[in-house]
Number of protein chains: 2
Amino acid sequence: MQVAIPLYPRFTALDAVGPYTVLAFAPGWTVTFVAATPGPVIDDKGGLSITATASFEDLPRPDVLLVPGGPGTVAAAGDEKLLSWIRAAHQHTRWTTSVCSGSFVLGAAGVLAGQKATSHWGWADRLPAVGAEHIKQRVVIDGKIVTAAGVSSGIDMALILLAEAQDAETARTVQLAIEYDPQPPFDAGNPHTAPAARREAALSLIF
Amino acid sequence: MQVAIPLYPRFTALDAVGPYTVLAFAPGWTVTFVAATPGPVIDDKGGLSITATASFEDLPRPDVLLVPGGPGTVAAAGDEKLLSWIRAAHQHTRWTTSVCSGSFVLGAAGVLAGQKATSHWGWADRLPAVGAEHIKQRVVIDGKIVTAAGVSSGIDMALILLAEAQDAETARTVQLAIEYDPQPPFDAGNPHTAPAARREAALSLIF
């Protein structure tokens, strides 16, 4: 199974690397970071750059397309080279997916029209602007479009994709390999139960 | 707060990028990837390279040292340049930390002698070989040495560090910003309850 993760400046690192690690651990899966031009691409915090090893032309027909989010989504949603690659690749994918605000890049490419989808809680209310219906779930599957909520939710999405594409036992094995038995020290990650003041503070860290 | 994450060939991507993302979201925290020589460093699956932007000499006194794991740990534990940087930096850190098999790099540097620690479940039994006592917890804090279990546990460790160094509200705010409200599709990440056959299969994905 060939997975392509397009990178663009100011993506959020964990959006891309969570699913990358899950899927790259699966036997027979290859995950490739792509960009208009191969080379390092810098994240939203300026401290991390991941090298795209292939151009869009190098990988026109991935089985899975996975678009990460981040504040750079706004510019990426106007990048016609990225959008036309997504549009063409989407015709042939088994799944077209996103994490976080990556759903708005899919939306700008026109592939979310009439679809159920999700995004980071700070962005999700705007999904109707790209023709999508916002479903308040961590991972939303609507046909071959699979979208995940904010940043860390890409790990859960990748395990779900793996179980669907391969089998549940492979997904469980990868989950064990990466010791994904989460024990967050606080119960603070759910935006629907978070106090308004904390939501404001969290948004100020993102934009 | 200045955090240094040393990279070495065949590190596991999520070990480094989970804590990176948590800590880089915190106001006033700077996270830098370091290596003997700045430049891209390739991960264990060969699909991802992150650029180290500083050399060991550039960052002799980070507040927090965070060593990721991966199959490259074996070679890294014999890399005297890395080990001597860790030894010297550890004298001045607020915390010296590791994720996954990164604890064996700390061990090889001599800083785990007499300490309580943990590691990836596939490696943890060998902790006494570096003088450490294995504690079966996801995150083990023993003075200024903080060690986390396998791969994904670095996210939990980073939130704990943030709460200790700054305050719980900042950690909760970052947790909300990255929407860390984990919902794994399976209850399969705990090695102590996993069937033996799946443990074997998971180990075959790692080594």
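In the predicted model, helix 5 (residues 153-165) of chain B lies across strand 6, strand 7, strand 10 and strand 11 of chain B. The direction of this helix makes an angle of about 165 degrees with strand 7 of chain B. Helix 5 of chain B also packs against helix 6 (residues 168-177) of chain B, at an angle of about 145 degrees and with the two axes 6 Å apart. On the side of helix 5 of chain B, the residues in contact are B:Leu159, B:Leu162 and B:Ala163; on the side of helix 6 of chain B, they are B:Ala168, B:Thr170, B:Ala171, B:Val174 and B:Gln175. Sorted by class, 6 residues of this contact are nonpolar, 2 are polar and none is charged.

The sheet of chain B is open and consists of 7 strands in the order 5-2-1-6-7-11-10, with mixed pairing. Strand 5 (54-55) and strand 10 (139-142) of chain B each have a single partner strand, so one side of each is left without a neighbour in the sheet. Within the sheet, strand 1 (residues 2-6) and strand 6 (residues 64-67) of chain B run parallel and are joined by 2 bridges. B:Val3 has B:Val64 of strand 6 of chain B as its bridge partner. Helix 3 (residues 80-90) of chain B lies across strand 1, strand 2 (30-35), strand 6, strand 7 (95-99) and strand 11 (145-148) of chain B. With strand 6 of chain B, helix 3 of chain B makes an angle of about 150 degrees.

In chain A, 7 strands form an open sheet of mixed pairing, ordered 5-2-1-6-7-11-10. Strand 5 of chain A pairs with strand 2 (residues 30-35) of chain A in the parallel sense, over 2 bridges. In this part of the sheet, A:Val34 stands opposite A:Ala54 of strand 5 of chain A. Helix 1 of chain A packs on the sheet and touches strand 1 (2-6), strand 2, strand 6 (64-67) and strand 7 (95-99) of chain A. The direction of helix 1 of chain A makes about 150 degrees with that of strand 2 of chain A. Helix 3 (residues 80-90) of chain A lies across strand 1, strand 2, strand 6, strand 7 and strand 11 (145-148) of chain A, at about 150 degrees to strand 6 of chain A.

A contact between two helices was also found in chain A. The axes of helix 1 (residues 13-24) and helix 5 (residues 153-165) of chain A come within 7 Å and cross at roughly 30 degrees. This angle makes helix 1 of chain A roughly parallel to helix 5 of chain A, and the crossing is right-handed. Helix 1 of chain A contributes A:Gly18, A:Pro19, A:Val22 and A:Leu23 to the contact, and helix 5 of chain A contributes A:Gly154, A:Ile155, A:Ala158, A:Leu159 and A:Leu162. The contact holds 7 nonpolar and 2 polar residues, and no charged ones.

The relation between the chains was then examined. Chain B is superposed on chain A by a rotation of 180 degrees with 0.0 Å of shift along its axis, at an RMSD of 0.0 Å. This is the relation of a two-fold axis. In chain B, the C-alpha nearest the axis belongs to B:Ile50 and lies 2.3 Å from it. Of the interface residues of chain B, 100% are also interface residues in chain A, so the copies meet through the same surface.

Note on methods
Residues are numbered from 1 along each chain as its sequence is written. Chains are lettered from A and ligands numbered from 1 in the order in which they are written. This is a predicted model: local features need pLDDT of at least 70, side-chain atom pairs count only at pLDDT 80 or more; totals for chains, interfaces and linings use all residues. Side-chain values use heavy atoms; hydrogens and water are left out. Axes are lines fitted to C-alpha atoms, for helices over the stretch in contact, and angles run from 0 to 180 degrees between N-to-C directions. Helices (H or I, at least four residues) and strands (E, at least two) are DSSP runs, numbered from the N terminus. Angles under 35 degrees count as roughly parallel, over 145 as roughly antiparallel, 65 to 115 as roughly perpendicular and the rest as oblique. A crossing is left-handed if the near helix is turned anticlockwise from the far one by less than a right angle, and right-handed if clockwise. Contact means heavy atoms within 4.5 Å. Ala, Val, Leu, Ile, Met, Phe, Trp, Tyr, Cys and Pro count as nonpolar, Asp, Glu, Lys and Arg as charged, and the others, Gly among them, as polar. Copies are superposed by least squares on the C-alpha atoms of residues with pLDDT of at least 70 in both. Two strands pair if DSSP finds at least two bridges between them.
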